[in-house]
Amino acid sequence: MAASVPPVTRAGRGAPSRSHLGGVLLAIVPVGFLAVFVAWPIVAITRRTAGELGGGRLVEVLTSGRFVDALVATVGQTLVSVLATVMVGLPIAAVIARFSFPGRDVLRAVVLVPFVLPTLVVATAIDQLGVLEGWAAVVAAHVVFNVAIVVRLVGGWWAGIDRRRIEAAATLGASPVEVFRTITFPLLRPAVAAAAAMIGLFSFTSFGVILVLGGPARFTIETDIHRFAIFRGELDVAAVLGGVQLVTVAAFAVVAARLQRRVSVARRGRRVPLARPVATAADRVMVVLATALTVVVVVLPLGSLVVGSFRVGGGWGLGHWRSLAEAPPVGATRSLDALVTSLSFAAGAAVIALVVGGLAAIVIARGDRIGRLVEVAGLIPIGVSAVTLGFGYLLAFTAFDFRRSIWLVPVAHAVIGVPFVIGAAVPALRSVDPRRREAVAALGGSPWRVWLDSDARALAPALRTATGFAAAVSLGEFGATTFLSRPQGSETAPVVMFKLLSRPGDLLQGQAMALAVALAGLVAVIALVVDRRRGDGIGWL
Amino acid sequence: MTRKLLALIAMFALVAAACGGSDSPAAVTGDPTTTADAADTADDAAMLDEEAVDAAAEEATQEGSVDPIELVLVTHDSFFIPDEVWAAFEAETGNTVTVVASGDAGEVVSRAVLTAGQPEGDVMFGIDSTFLQRGLDADVFEPHTSPLLSTVDDALRLDPTDRVTPISVSDVCVNYWLDAIPGDAPTTLDDLRTAENAAALVVQNPETSSPGFAFLLATIARYGDGWEDYWTDLVDGGVTVSSGWSEAYYTEYAAGGGEKSIVVSYATSPPADVLFADPPVDAAVSAVLDDSCFRQVEFAGILAGTEHPEAAAELIDFMLSPTYQAEIPLNMFVYPANSTVELPAEFVEYGSLVDDPITLEPAEIEANRLDWTARWAEIVFG
């Protein structure tokens with residue numbers, strides 16, 4: 001796409017991003033949102049529970065064997081999960097970025113499917129394979145759930161690499177491995193860092209996977225927060241663990257943010273799209289391998305669901321699918337209504353996340369002190385325990401009965417979606433060549449024109465990637481949702497699925513599976529629609 | 001340009017959907033037809049228990065001049081009562097009910113304790129006998145002696161000062177798969193100690209599973225200090241431990257195609273398995289080991305700090321009325337506390353509450369919870 005700069009007569013007085021006041025104004029929405037919906041609840045729950053905590057108790061908890069074990073296990077499984085997910089996701093991202101082939105869009109859309117599958121079902125599928133046990137099974141589940149983060153965040157970024165840089169290196173005699181090591185990977189690092197940070201935070205606060213696949217004897221900080229807060233009623237101990245988790249997550253976010261800043265790269269000049277048709281036998285092998293990898297990661301857990309959803313009365317049939325629209329056989333919201341509720345919440349959450357995350361990304365990309373603060377604060381929500389957030393909301397929002405408002409769920413989902421929007425948008429904004437802004441300004445473009453013609457063009461495709469994530473996160477979210485008070489009738493699809501799965505009766509299990517497949521299909525369609533405009537990789541410039 | 005426009009339109013459509021869609025399912029008012037149906041149901045109820053409903057109606061007339069009160073019932077995610085039933089309450093009292101649900105029974109109690117004095121709602125339902133003492137200790141309830149308590153077995157009234165009212169009852173019982181049980185079917189809790197049966201048994205971690213905790217309590221109530229030896233026998237025999245009920249029932253147990261034939265579940269699991277069988281069956285496929293059943297009672301209570309204590313008391317009375325109690329079995333798969341209510345046929349035919357369940361005092365449970373589970377973990381995980 002050629003950069004068309006229309007003749008503008010009014011002289012620009014510098015881009016809006018230069019003005020300090022503008023920065024403060026932009027920051028109001030994201031900072032306000034994070035302060036009200038993340039910081040305030042955390043402060044509220046900490047104040048309430050820390051009141052019961054003596055200094056001796058603090059030392060006692062922090063020096064206990066249980067705590068040390070939980071910390072070691074949590075950090076260990078997090079690091080391994082990040083590494084494994086990046087290693088599985090990169091080859092798929094590479095193929096999606098580098099080749100155009102039929103089915104590529106579908107491939108990129110279906111990796112989002114695990115996001116919305118119930119933990120219990122994915123865990124059971126991995127369990128039934130019988131290959132992996134304990135922590136290995138936990139890591140495998142984290143790969144399945146999070147591989148989309150690598151494929152979509154890194155893949156989208158990868159597709160934007162100028163093909164000529166790669167080709168030039170190859171012409172100079174560099175082997176493919178050398179090209180990857182010296183050219184491609186350094187260019188990918190901002191996106192890889194963003195993806196790794198999010199995978200790390202998700203794995204850190206993983207709950208259901210640890211319980212089901214880790215088995216009854218394994219525990220992490222997150223599962224122990226739940227154990228102390230709920231079963232044992234020792235809120236003070238839970239508060240200590242929540243505090244440790246918050247500090248660790250914040251440190252993690254600081255490192256991730258610094259890393260991202262350091263490796264961010266401006267993309268200069270016009271670029272030639274990287275993706276090209278599949279031509280050689282080697283190309284075909286790569287495409288087949290990436291597809292196979294996706295099938296293993298996505299379709300395997302989904303397969304048992306699809307089969308289960310059509311398995312009726314010892315044979316095959318559509319009974320479970322029809323039951324989605326019927327009054328449920330046991331006390332629960334009708335599945336179809338739950339799907340509609342989920343969709344509405346997802347739409348609301350996506351819009352909130354896009355506005356808050358988009359503005360946050362602009363503030364972050366400016367690189368001033370406010371930006372650095374927002375960058376760290378924006379990552380923290382996905383690393384906060386569902387217990388901390390849920391109980392925090394309970395104490396913080398006593399006014400106006402907001403703690404049982406219908407809006408609480410989409411807002412909470414948006415809180416988790418914001419980091420994805422930031423993760424997709426910030427590297428894109430940082431990649432804008434400053435010379436481009438200068439050129440437009442020099443041609444007499446107004447500050448607004450400059451922004452539209454440089455930053456906005458970089459932002460648009462990133463926000464499309466982010467929309468898919470924000471919707472998928474909301475559609476599949478269970479942990480935080482279950483901790484929020486919801487009016488009866490507004491159950492989301494994952495809540496109804498959980499309800500159906502936790503009762504005896506084959507019909508209920510069958511309906512849960514049909515509902516899970518329906519939700520998976522929905523998320524794939526949403527991703528396809530949102531992605532469609534991306535064309536061949538180059539969304540901007 | 002067109003594409004941009006389309007994208008914009010799509011986004012607005014999404015927002016519109018979000019606003020419209022999220023508002024509509026929220027209100028629990030019921031449409032005119034269901035309200036009429038519900039009024040009929042209410043009439044039926046009046047015939048069953050004229051006094052109570054008359055009293056309620058009288059109060060409703062007295063309050064007729066004031067604005068209707070919107071009562072909030074705080075409960076757990078497993079709770080479900082159809083809208084028609086709430087419409088009946090509205091017809092009776094003029095007040096409405098909004099049900100607000102989150103998490104499981106343990107979480108509901110934690111929330112109430114955390115918000116003591118500034119409650120989330122007016123009435124809480126879902127605190128069970130294993131968590132009861134924690135709620136009582138934190139002073140989250142206001143006493144109310146419902147006139148309908150006369151219909152409830154005295155054994156279910158675990159708080160003598162009526163700060164909580166029993167609403168539903170269930171038994172956590174060992175179930176076994178009739179076709180897969182090794183050797184003779186077990187008839188006593190003691191029978192599970194044999195190596196053969198222990199190897200076929202799946203239990204849940206008491207710290208992460210409510211039935212798992214109930215089963216641990218059953219063994220403690222039955223064997224006293226000998227419960228540790230009992231568990232040592234189970235572990236030596238090769239008992240399987242899972243984190244939650246779903247994994248136990250649908251991964252390990254025969255119901256989901258697993259290899260184990262004995263599982264800790266509920267007294268209502270056999271009728272549920274028949275009712276929701278696929279393909280349909282005409283006889284129960286699993287049975288309950290009566291000797292193992294541990295009684296769990298679920299209570300409702302007025303949350304201290306409510307602005308509407310009288311209306312909240314009416315709601316508690318309504319929850320004990322036949323109109324409400326009759327909905328309990330098939331919606332929540334537990335038994336009604338009101339003994340005058342007729343049970344659905346499936347409940348009568350394929351399962352029942354045991355006459356002589358194992359019980360344990362709520363105060364004793366709360367006092368020993370941490371010690372017992374710590375000791376259990378040592379025995380089971382080494």
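Analyst: Let's start with helix α8 (residues 210–223) of chain B and helix α16 (residues 362–381) of chain B, whose axes come within 11 Å and cross at roughly 95°. That angle makes α8(B) roughly perpendicular to α16(B). For the wording: angles under 35 degrees count as roughly parallel, over 145 as roughly antiparallel, 65 to 115 as roughly perpendicular, and the rest as oblique. The axes are lines fitted to C-alpha atoms, for helices over the stretch in contact, and the angles run from 0 to 180 degrees between N-to-C directions.

This is a predicted model, where local features need pLDDT of at least 70, side-chain atom pairs count only at pLDDT 80 or more, and totals for chains, interfaces and linings use all residues. Residues are numbered from 1 along each chain as its sequence is written, chains are lettered from A and ligands numbered from 1 in the order in which they are written, and side-chain values use heavy atoms, with hydrogens and water left out.

Now to the side chains where these two helices meet. From α8(B) come B:Phe213, B:Leu216, B:Leu217 and B:Ile220, and they meet B:Ile365, B:Arg369, B:Trp372, B:Thr373 and B:Trp376 of α16(B). Contact here means heavy atoms within 4.5 Å. Sorted by class, this contact of α8(B) with α16(B) has seven nonpolar residues, one polar and one charged. In that sorting, Ala, Val, Leu, Ile, Met, Phe, Trp, Tyr, Cys and Pro count as nonpolar, Asp, Glu, Lys and Arg as charged, and the others, Gly among them, as polar.

The rest of chain B gives this pair its setting. Chain B has 16 helices and ten strands; helices (H or I, at least four residues) and strands (E, at least two) are DSSP runs, numbered from the N terminus. Of the 382 residues in chain B, 57% are buried. Buried means under 20% relative accessible area, exposed means over 50%, and partly exposed is in between (1.4 Å probe, protein chains only). Among contacts in chain B with a separation of 6 or more, 77% are between residues 24 or more positions apart.

Some loops of chain B have backbone details to look at, too. As background, most residues other than glycine have a negative phi, and most peptide bonds are trans. B:Asp162 has a positive phi, near 55°, and lies in the loop between β4 (141–142) and β5 (165–177) of chain B. B:Asp162 counts as buried because its relative accessibility is 5%. B:Phe333 also has a positive phi, near 55°, in the loop between α14 (328–332) and β10 (335–336) of chain B. With 8% relative accessibility, B:Phe333 counts as buried. A cis peptide bond, with omega of about 0°, joins B:Asp278 and B:Pro279. B:Pro279 belongs to the loop between α11 (269–275) and β9 (286–303) of chain B.

Strand β9 of chain B holds B:Asp290, which is partly exposed at a relative accessible area of 48%. B:Asp290 and B:Pro186 are 104 residues apart in sequence, yet 9.8 Å apart in space, C-alpha to C-alpha.

B:Thr251 takes us across to chain A. B:Thr251 sits in helix α10 (residues 245–252) of chain B and is buried, with a relative accessible area of 18%. Leaving aside residues up to four places away in sequence, B:Thr251 touches A:Thr124, A:Asp127, B:Ser246 and B:Gly258.

Helix α3 (residues 65–98) of chain A packs with helix α10 (residues 221–231) of chain A at an angle of about 140°, with their axes 8 Å apart. These two helices, α3(A) and α10(A), are therefore oblique to each other. A:Arg66, A:Phe67, A:Ala70, A:Leu71 and A:Thr74 of α3(A) make the contact with A:Ile221, A:Asp224 and A:Arg227 of α10(A). By class, the contact of α3(A) with α10(A) has four nonpolar, one polar and three charged residues.
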